Amino acid sequence: MRTAARCALLCLALLLLCADPVRAEQDAQRLVEALDVGPLEHAAEEAELDLNVPALLRGFVTGEIPLDPDSLLQKARALFLAAWQRTLAFFPGVMLPALLAALTARLAGGRGASVAQYVCCLAGALAEAALLRELIESIGGALRQTAGIAEAVFPLLAGLLAASGAGTTASMLASTAAFACRSAVHLFGTVGPRYCAINAAVAIAGSLNPRLSLNKLFGLLADLGKWAAGIAMTFLVGLLSVQGLLGAGYDSASVRAARYAVDNLLPVIGGEVADTLDAIISSARLVKNAAGVTGMALVVAVCVRPLLRTTAALICLRLAAAAMEPLGEDALAQMTERFAEVIRLLLIFASACTVQLLLLLGVFLVVGKSAVR
Amino acid sequence: MTAVEVVLICVAAALACALLRGTHPELATGVALAGGIAALYLLRTDLQAVAELLGQLAEEARLREGHAALLLKASGIALVSEFGADLCRDAGERALAGRIELGTRVVLLAMAAPLLRELFALIGALTA
C-alpha cells in the first residue's frame, strides 16, 4: 500500500515537472528543432532574403527577437530614402519633355510647335510607362515570392495547428488558405497590373488626343479597380473566417471532451494529466504562433521594398504633375497626374495582396485558442 | 546687350520694310529676311547655351538613347518652321506659309513614329 502511494506521488511529481513552464518552453524548442523548415528556408533564399529562418523561428519561440520600434522606424526610413533616391532618377526624365514643350510653345507658338509638344508628350508618356513597367515587374516578382513563402508556411502551420488540438480547423484551413493565397496572388499580382496597364493606356490616349475625352472612362476604370480589390479581399477573408469559426467549434468540443474524460476517468492523477495535456497543447501553440509570425516577417521583408518604391513613385509623379502645371503644359500635367492615379491603383492592389497574405497567416494564429483552457 | 542689338536690328529692318513696301515690295521681303537672319545669328550663342543646358538635363534624365536628341530636334524644327512661315506671311504668301507648317507637321510626325511604336510595344507588353 505504501509502495503504491509512493509510486503515485512520484507520478504526480513527474507530471508537475512536465507542466512546469520552463519545461514547456524546452519542449517547444525541441519541437522547433524537429520542424522541417527547409521549404521555408528555400522560399526565403529564392526571395534573396538575408535571414536565418530557423534562428528567427527559435527567437520568436524564446522571445529573444529584439523588436525595438525606434530601430524598426529607422530601418523603414532608410528603406524609403533609398527607394525615393532610386525613383527620383526618373524625375528629370518626366520633367524634361514638359520643359521642352513649354519652351517650344513660348518660342515658336504655331502649329509646328503644337506637333513638337505632341512629340514631347509622347516622350513623357514613354518615360512614365517605363517607370510603370519597372514597378509592375518589381511588385509582380515580390508577390510571387510572398506566395512561395506563404505556401511553404501554410503546411507547417496546419501541422502545428493539428498538434495543438485543432485538427479539424487545420484540415479546413489548409486547403482554403492555399486557395485564397493563390487567388490573391493571381488577382492582385497578375490581373491587377494588367488592369493598371490598360488604365495607363487610356490615360495616354486621352492626353495625346485633346479631342478624345476619356476622363469619365478613366475614372470608371480606376473606381472599378478599387471596388474589385475591396470585394475580393472581403470575400477571401470572410471565407477564411467562417472556416476558422466552424472548425474552432468542433475542435473546442473534442479537446474539452478528451480533457473531461482524462480528468474524470483517471483516478487521483486525472487532473494533473489533463493539465499536462494543456501544457503540450500550449507548447504546440507557441511554436505555431512563432512559425506564423516568422512567415509574416518574411512576407513583410519581401514586400516592403516594392511597396515603398511604389509609394515613392506616386509622390514623385504627383510632384512632377504639380511642377508641370505652372509651365502651362496641361496635357502633360494631366497625363502625369493620371499615371500617378494608375500607380496608386497598383499600390492598392499590392497592399491588398500583402494584407491578404498577412491576414491568412493571422487567421492561423487566431484559431485554436479555444482548444486550451 | 544681345537683346538690345536684336531689337535695334529688327526695328531698323521694320522701318526699312515700311519705306520699301510702297515702292519696291520685293526688296522689302529681302530686308525682312536679312533682318530675321541677323537677329537669329545674334541669338545663336544664347540658343547654344539653352541647347547645352537641355542636353545636360537630358543626360541626367537618363532618357533612352536618341530620345533627348529627337526632342531637341523637334523643338528646333518647330522654331525654324515658325520663322519661315512668318516670313512667307509677311511676303503675302499665305499658301506657302501653310505648306511650311504642313511640311513641318509631317516631318515631326514622322520623327514621332518610332516613339509611338515604342509606346505601343511597351503598353502591349504590359497588358499581354
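Visitor: What span is expected for helix 8 of chain A, and how does its reach compare?
Guide: This is a predicted model. Helix 8 of chain A, residues 167-208, has 42 residues. At 1.5 Å a residue the expected span is 62 Å, and the helix reaches 60 Å from its first C-alpha to its last, which is close to that value.

Visitor: Where does helix 8 of chain A bend?
Guide: The bend is at Gly192(A) and comes to about 35 degrees. A proline, Pro193(A), follows within four residues.

Visitor: Why is the pair Arg344(A) and Glu341(A) called a salt bridge?
Guide: The rule asks for a side-chain nitrogen of Lys or Arg within 4 Å of a carboxyl oxygen of Asp or Glu. The closest N and O atoms of Arg344(A) and Glu341(A) are 3.2 Å apart, so the pair qualifies. Both residues lie in helix 11 of chain A, three residues apart, about one turn of the helix. Over all chains, the rule gives eight salt bridges.

Visitor: How many salt bridges are there between chain A and chain B?
Guide: The count between these two chains is zero. One residue pair is in polar contact between chain A and chain B.

Visitor: What makes up the side of chain A that touches chain B?
Guide: Its residues divide into 29 nonpolar, five polar and three charged. Helix 7 of chain A gives the largest share, 18 residues. Chain A and chain B bury about 3,000 Å² between them, with 82% of it on carbon and sulfur atoms.

How values were computed:
Residues are numbered from 1 along each chain as its sequence is written. Chains are lettered from A and ligands numbered from 1 in the order in which they are written. This is a predicted model: local features need pLDDT of at least 70, side-chain atom pairs count only at pLDDT 80 or more; totals for chains, interfaces and linings use all residues. Side-chain values use heavy atoms; hydrogens and water are left out. Helices (H or I, at least four residues) and strands (E, at least two) are DSSP runs, numbered from the N terminus. The expected span of a helix is 1.5 Å times one less than its number of residues. The bend at a residue is the angle between axes fitted to the seven residues ending there and the seven starting there. Buried area is the accessible area (1.4 Å probe) that two parts lose on being put together, summed over both. A polar contact is a pair of N or O atoms within 3.5 Å; within protein, one must be able to donate a hydrogen and the other to accept it, and residues adjacent in sequence count only if both atoms are side-chain atoms. Ala, Val, Leu, Ile, Met, Phe, Trp, Tyr, Cys and Pro count as nonpolar, Asp, Glu, Lys and Arg as charged, and the others, Gly among them, as polar.
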